[in-house]
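The sequence and structure come first.

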Amino acid sequence: MRLPHTLLASALLTGAVYSATAHATLVELNTNQGNIKLHLFDETTPATVANFLNYANKGSYDDTVIHRAITGFVMQGGGFTFEDKLPLTPVATDPAVTNEPKHSNVKGTIAMAKQANNPNSATNQWFINLTDNNDPNNSLNLDQQNGGFTVFGQVVAADMAVVESIMNLTICDSSQLLNFSSPSPLINYTSIQCSDNTDIAEENLVKVMSVTVLDDDPASATNAGITPVENTLIKTEPTKPSSSSGSGSFGMWLMGALGLVALRRFK
């Protein structure tokens with residue numbers, strides 16, 4: 001379902017410039033596994049919220065696939081659709097948005113994926129933190145890595161059950177979806193089928209069918225009593241990763257073998 005363009009009249013992209021005011025705070029990801037409501041932090045991350053809503057308003061998130069799910073880490077989507085065959089088709093992107101790493105990547109927050117070694121490269125891909133990914137002693141600490149990842153909203157507490165139900169599906173580390181290994185949640189698909197590399201069909205995919213604006217009051221997160229956790233680590237020197245774990249940024253799951261766990265945007 002596409003949203004009326006009038007909802008975002010003052011928040012649409014013009015080149016790389018964004019309005020300081022976003023028009024929606026409470027949105028809902030309508031997935032084929034249940035709905036996930038999100039309070040967006042328009043007042044503190046206006047450029048990122050405007051960017052997300054612009055994609056939603058155009059219908060760019062309609063029928064997008066949850067293409068990566070890493071237990072105890074993140075669940076990622078927004079960048080690909082199924083167009084009658086695999087691999088998945090990339091969603092067209094707009095100019096990248098300026099990084100706004102003001103809030104911490106704690107459990108239940110939604111943040112933007114981006115390219116490695118480029119803090120200001122987020123476009124359409126987002127991820128939900130499945131745990132507190134802000135440990136300064138962990139090389140995967142997302143509050144510091146690659147300039148810090150911009151948290152721009154938070155899942156309504158009750159709807160984390162939907163996120164968890166998706167994570168309880170078979171997570172198949174397959175190259176079918178993206179032509180390289182990517183752990184993805186699959187419906188009615190077993191670990192044995194994954195091992196046998198059984199063909200993945202459209203009905204096996206977890207999809208975001210649409211994004212719906214439920215409340216366009218920019219203060220609805222505040223009214224709901226949600227207080228974002230401040231990212232205090234971005235002001236300090238990033239922890240140097242150990243030689244065994246490597247460093248990187250969100251989007252690519254593995255670079256090389258297991259040398260670089262990363263959270264950057266898939267191209």
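## Disulfide and backbone features

With a cut-off of 2.5 Å between cysteine sulfur atoms, the count comes to one disulfide. The model is predicted. The bond is formed by Cys172 and Cys194, with their sulfur atoms 2.1 Å apart. Cys172 belongs to strand β11 (residues 170-174) and Cys194 to helix α3 (residues 191-195); the pair links distant parts of the chain, 22 residues apart. The link of Cys172 and Cys194 is right-handed, with 90° about the S-S bond. Both Cys172 and Cys194 are buried.

A cis peptide bond is found between Leu86 and Pro87, where omega is about 5°. Pro87 sits in the loop between β6 (80-81) and β7 (89-90).

| Residue | Phi | Loop | Relative accessible area |
|---|---|---|---|
| Asn117 | about 60° | between β8 (109-112) and β9 (126-129) | 74% |
| Asn179 | about 70° | between β11 and β12 (182-186) | 59% |

Asn117 has a positive phi although it is not a glycine, and Asn179 likewise has a positive phi without being a glycine. Is Asn117 buried or exposed? Exposed means over 50% relative accessible area; Asn117 has 74%, so it is exposed. Asn179 has 59% and is therefore exposed by that cut-off.

Note on methods. Residues are numbered from 1 along each chain as its sequence is written. This is a predicted model: local features need pLDDT of at least 70, side-chain atom pairs count only at pLDDT 80 or more; totals for chains, interfaces and linings use all residues. Side-chain values use heavy atoms; hydrogens and water are left out. Helices (H or I, at least four residues) and strands (E, at least two) are DSSP runs, numbered from the N terminus. Buried means under 20% relative accessible area, exposed over 50%, partly exposed in between (1.4 Å probe, protein chains only).
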